[in-house]
Amino acid sequence: MELDLKPAVDQSALFAFLVRLGDNALILGHRVSEWCGHSPALEEDIALSNTALDLIGQTQLWLGLAGEIEGQGRSADDLAYLRDGYEFRNILLVERPNGDFGKTLMRQFLFDAWHYLLMKALQNSSERRIAEIAEKAFKEVAYHLERSQDLVIRLGDGTDESHRRMQAALNDLWPYTGELFASDDVEQTLSAAGVIPHPQSLKSGWDEIVSTTLSEATLQKPDDGYMHKGGRRGVHTEHLGFILTEMQFLQRAYPGAVW
Amino acid sequence: MATAAVRPSVEEVWRWLSDVPDPEIPIISLTELGIIRDVEWRDDELVVTVTPTYSGCPATSIINVDIERALVEKGLENVRLERELSPAWTTDWITTEGREKLRSYGIAPPIDGTAANGVLMKRIDRLSGRSNLSIACPRCGSTNTEKVSQFGSTPCKASYRCSDCLEPFDYFKCI
């Protein structure tokens with residue numbers, strides 16, 4: 001018999017981390033899906049819908065694994081549709097309202113650059129199931145990043161009006177980027193066990209992608225000032241409640257409804 | 001009823017599965033798409049291992065239903081589907097016949113080794129809308145084509161346009 005000498009990973013930390021990851025993908029996926037049928041051009045409508053679809057697909061994998069690890073019989077759907085706002089663990093950036101097309105793209109770019117680095121690193125996770133999902137998600141996220149980067153550059157270095165809107169979006173969203181690299185006991189425990197990279201270790205790679213892109217986009221990177229946080233602990237802005245009202249309506253009004 | 005005596009071989013099951021079309025691109029079969037990873041008997045149970053194309057592809061659940069239905073119609077009763085995420089599906093697994101069928105259907109087949117890596121191509125190529133790939137128009141064969149959008153009518157396709165015959169077409173993008 002083969003002995004597994006690795007210390008058992010803290011299952012409650014694993015669950016907490018997976019819910020954070022799943023909720024980021026879920027809430028951003030939902031936000032992006034709000035554009036379906038409303039984008040400025042058909043191609044962009046399709047691209048946004050495809051991005052949303054990838055994120056919702058990844059949500060099913062992350063929250064599905066979270067439910068499995070929790071061992072209480074909760075499915076990805078249960079976790080998505082039957083939790084209240086204070087139980088959601090997404091960062092505040094992804095629940096920011098869509099605003100105009102430029103703001104949606106800027107939010108996507110700031111997230112994609114981080115998401116890309118995280119999915120790349122998670123492929124080396126000591127937890128096999130996490131590494132497998134990351135391997136799948138990484139391929140999709142690479143396409144997301146190429147697109148959002150390209151459009152941030154085109155619009156930043158575009159007309160006076162598009163430049164003004166992109167700079168305003170960047171200034172508005174920047175104070176929400178600090179939470180991407182925040183950590184607490186959950187990340188400390190899991191990074192020490194080799195399950196995840198330490199969030200702070202992604203910062204220099206993210207800074208590089210963001211600086212290069214913003215400079216090509218002729219946009220001014222804001223100074224790091226006050227950074228909003230709270231989503232990872234379940235303390236959200238008022239916007240999350242409105243998202244959940246729409247997203248969860250059917251299951252709340254008609255529990256267990258299927259098609 | 002399939003008893004141990006008349007149990008079909010896995011080769012036979014592979015042949016049956018090669019007749020099951022992809023629900024969104026019915027010109028190619030699930031085996032040509034490369035998403036059936038394994039077929040094996042475990043005692044009296046036939047286990048078919050399937051890998052998803054994209055994690056959010058809406059066709060995934062339909063594909064599973066189609067596989068089960070096809071095997072049940074052949075008389076199998078004890079079929080189980082298993083999902084395998086790793087190694088992650090790649091367009092490299094689309095067979096040569098599958099690629100030709102895609103082309104005949106009006107979809108330019110993927111060019112291996114050109115999956116997105118998150119790094120943008122040169123600014124001049126990007127801003128001119130030029131692609132870093134030379135993709136032949138499935139209608140007239142011209143490689144004088146341009147990318148309209150990296151995201152197309154389904155998660156697995158990009159939108160292109162031929163600058164010679166002026167027809168828009170889908171490119172099965174590489175992942």
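# Exercises on a predicted two-chain model

In α1(A), A:A13, A:L14, A:A16 and A:F17 meet A:V186, A:T189 and A:L190 of α7(A). The residues of this contact divide into 6 nonpolar, 1 polar and no charged. The model is predicted, and the exercises below start from this contact.

## Exercise 1. Helix packing in chain A

Task: determine how α1(A) is oriented relative to α7(A), and then relative to α2(A).

Solution. 

Step 1. Take the pair with α7 (residues 185–192) of chain A. The packing angle between α1(A) and α7(A) is about 110°, and the axes are 9 Å apart.

Step 2. Angles of 65 to 115 degrees count as roughly perpendicular. α1(A) is therefore roughly perpendicular to α7(A). The crossing of α1(A) past α7(A) is left-handed.

Step 3. Take the pair of α1 (residues 11–33) and α2 (residues 42–70) of chain A. Their angle is about 160°, with the axes 8 Å apart.

Step 4. Angles over 145 degrees count as roughly antiparallel. α1(A) and α2(A) are therefore roughly antiparallel to each other. Here too α1(A) passes in a left-handed crossing.

Step 5. Sort the contact residues of α1(A) with α2(A) by class: 18 are nonpolar, 8 polar and 1 charged.

## Exercise 2. Layout of chain B

Task: list the secondary structure elements of chain B in order, and state how the chain is divided into domains.

Solution. 

Step 1. Count the elements: chain B has 5 helices and 7 strands.

Step 2. Read them from the N terminus on: α-α-β-β-α-β-α-β-α-β-β-β.

Step 3. Domain 1 of chain B covers 10–83 and domain 2 covers 94–172. Their centres, taken over C-alpha atoms, are separated by 28 Å.

Step 4. Describe the contact between the two domains. Domain 1 of chain B contributes 11 residues and domain 2 of chain B contributes 11 residues. On the domain 1 side, 6 of these residues are nonpolar, 3 polar and 2 charged.

Step 5. The C-alpha trace of chain B spans about 65 × 30 × 25 Å along its principal axes.

## Exercise 3. The sheet β1-β2-β3 of chain B

Task: describe the sheet with the order β1-β2-β3 in chain B, and place the helices that lie across its strands.

Solution. 

Step 1. Classify the sheet. The 3 strands form an open sheet with mixed pairing. Its edge strands are β1 (36–42) and β3 of chain B, each pairing on one side only. From one strand to the next the twist averages 20°.

Step 2. Examine one pair. β1(B) and β2 (residues 45–50) of chain B pair in the antiparallel sense over 6 bridges. B:E40 stands opposite B:V47 in β2(B).

Step 3. Place the helices. α1 (residues 10–17) of chain B lies across β1 and β2, running at about 140° to β1(B). α3 (residues 59–73) of chain B lies across β2 and β3, running at about 155° to β3(B).

## Exercise 4. Backbone details and the chain contact

Task: locate the cis peptide bond at B:P87 and the positive phi at A:T218, then describe the contact between chains A and B.

Solution. 

Step 1. The cis bond joins B:S86 and B:P87, with omega about 0°. B:P87 sits in the loop between β3 (79–83) and α4 (96–104) of chain B.

Step 2. A:T218 is a residue other than glycine, and its phi is near 55°. Its loop runs between α8 (203–216) and α9 (239–253) of chain A.

Step 3. Between the chains, 22 residues of chain B are in contact with 25 residues of chain A. The chain B side comprises 11 nonpolar, 10 polar and 1 charged residues.

Definitions and conventions. Residues are numbered from 1 along each chain as its sequence is written. Chains are lettered from A and ligands numbered from 1 in the order in which they are written. This is a predicted model: local features need pLDDT of at least 70, side-chain atom pairs count only at pLDDT 80 or more; totals for chains, interfaces and linings use all residues. Two residues are in contact if their C-beta atoms, placed from the backbone, lie within 7 Å. Ala, Val, Leu, Ile, Met, Phe, Trp, Tyr, Cys and Pro count as nonpolar, Asp, Glu, Lys and Arg as charged, and the others, Gly among them, as polar. Domain bounds come from an automatic or database domain assignment. Axes are lines fitted to C-alpha atoms, for helices over the stretch in contact, and angles run from 0 to 180 degrees between N-to-C directions. Helices (H or I, at least four residues) and strands (E, at least two) are DSSP runs, numbered from the N terminus. Angles under 35 degrees count as roughly parallel, over 145 as roughly antiparallel, 65 to 115 as roughly perpendicular and the rest as oblique. A crossing is left-handed if the near helix is turned anticlockwise from the far one by less than a right angle, and right-handed if clockwise. Two strands pair if DSSP finds at least two bridges between them.
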